[in-house]
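Please keep the sequence and the structure open while reading.

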Amino acid sequence: MFTGIIEATGTLTELTLKQGDLSVRVTSTTLNMDDVQLGDSIATNGVCLTVVEKFADGFRADVSNETLKLTRFGEYRVGQLVNLEKALQPISRLGGHLVSGHVDGIAEVVAVKPNARATEYWLKAPAQLMKYIPYKGSVAIDGISLTVNELDEDKFKLTIVPHTAQETTIADFKVGTLLNLEVDQIARYLERLVQGVPADTEQSTLTTSLLAKAGFIK
């Protein structure tokens with residue numbers, strides 16, 4: 001589990017095809033590896049990867065075909081800059097939102113516009129994911145926890161302040177850039193709950209009408 005608050009950036013220094021999937025090496029001069037153990041998870045551009053080999057300046061991980069299918073990893077090349085976050089500890093501050101590192105799909109930057117010292121990015125998302133993206137809700141874009149500031153059919157707007165741009169890969173985003181998108185987990189669980197077995201009125205007061213009244217569904 002992660003928060004979407006990026007700790008460091010790194011570079012993909014090795015991409016090796018290995019028995020049908022991919023082995024990657026990530027190098028970073030700013031990520032503290034002292035408390036990382038083999039088997040730990042590190043979100044890499046929002047993708048939860050398991051450390052299979054540890055180095056003083058980074059780690060190696062395996063990327064399965066399922067991950068290659070759902071993320072941008074299949075298109076990355078050596079030299080790709082990535083956002084890095086180590087797994088959340090129970091004592092950590094939850095500065096962003098709960099991020100699983102399980103990417104839902106790909107979003108595309110369709111517009112970039114300056115707004116005072118900030119920059120506005122409009123992203124187009126797959127139609128089946130837009131229903132999970134509410135106004136003022138949270139999304140993870142390449143692992144970065146961000147707030148949705150506006151919605152327009154199949155697009156949503158993000159407003160990025162200078163600090164976030166400086167500490168992540170956002171400064172490299174431009175029209176046409178494709179990014180890993182993870183929607184908020186609560187929205188997915190609510191949909192499953194609503195579409196699943198009807199609530200037992202003797203044990204639960206949660207109903208579709210109550211969820212609609214609270215603004216979770218229409």
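Q19 is exposed, because its relative accessible area of 84% lies over the 50% cut-off. The model is predicted, and in it Q19 sits in the loop between β1 (8–18) and β2. Q19 also has a positive phi of about 50°, although it is not a glycine. Most residues other than glycine have a negative phi.

**Loop residues with positive phi**

- A116 is another non-glycine residue with a positive phi, here about 55°.
- The place of A116 is the loop between β7 and β8.
- A116 counts as exposed because its relative accessibility, 79%, is over 50%.
- N45 takes a positive phi near 55° in the hairpin of β3 and β4, where two residues lie between the strands.

- S23 belongs to strand β2, which covers residues 21–27.
- Is S23 buried or exposed? S23 is buried, because its relative accessible area of 4% is under the 20% cut-off.
- Leaving out residues up to four places away in sequence, S23 touches E14, L15, T16 and K18 as well as R60, A61 and D62.

**The six-stranded barrel**

- Six strands form a closed barrel in the order β1-β2-β5-β4-β3-β6, with antiparallel pairing.
- On average, neighbouring strands of this sheet are turned by 45° against each other, with direction ignored.
- Strands of a sheet pair through backbone hydrogen bonds, either parallel or antiparallel.
- β3 (residues 41–44) and β4 (residues 47–55) are joined in the antiparallel sense by four bridges.
- Across this pairing, S41 stands opposite T50 in β4, and I42 stands opposite L49 in β4.
- β3 also runs antiparallel to β6 (residues 81–86), with three bridges between them.
- The bridge partner of T44 in β6 is L84.

**Nonpolar cores**

- Which residues have the most contacts inside the largest nonpolar core? They are L123, I133, V139, I141, F156, L158 and L181, in a core of 24 residues.
- Two or more residues of this core come from each of these elements: β7 (105–115), β8 (118–124), α2 (127–130), β9 (138–141), β10 (144–152), β11 (155–160) and β12 (178–183).
- A second, separate core has 20 residues, among them V36, I42, V47 and V103.
- V139, from the largest core, touches H97, I133, I144, S145, L146, V148, F156, L158, L181 and E182, not counting residues up to four places away in sequence.
- Some of these contacts, including I133, F156, L158 and L181, are also listed with V139 among the residues with the most contacts inside the largest core.

**The chain as a whole**

- The secondary structure comes to five helices and 12 strands.
- The chain has 218 residues, of which 41% count as buried.
- Among contacts with a separation of 6 or more, 67% are between residues 24 or more positions apart.
- The chain exposes about 12,200 Å², and carbon and sulfur atoms supply 52% of that area.

Methods
Residues numbered from 1 in each chain as written. Predicted model: local features only at pLDDT ≥ 70, side-chain atom pairs only at ≥ 80, totals over all residues. Heavy atoms only, no water. Buried < 20%, exposed > 50% of the residue type's maximum accessible area, 1.4 Å probe, protein only. Contact = heavy atoms within 4.5 Å. Areas by Shrake-Rupley, 256 points an atom, 1.4 Å probe, with all protein chains shown as cover. Core = buried A, V, L, I, M, F, W, Y, C linked by side-chain atoms within 4.5 Å. Pairing = 2+ DSSP bridges. Axes fitted to C-alpha atoms, helices over the stretch in contact; angles between N-to-C directions.
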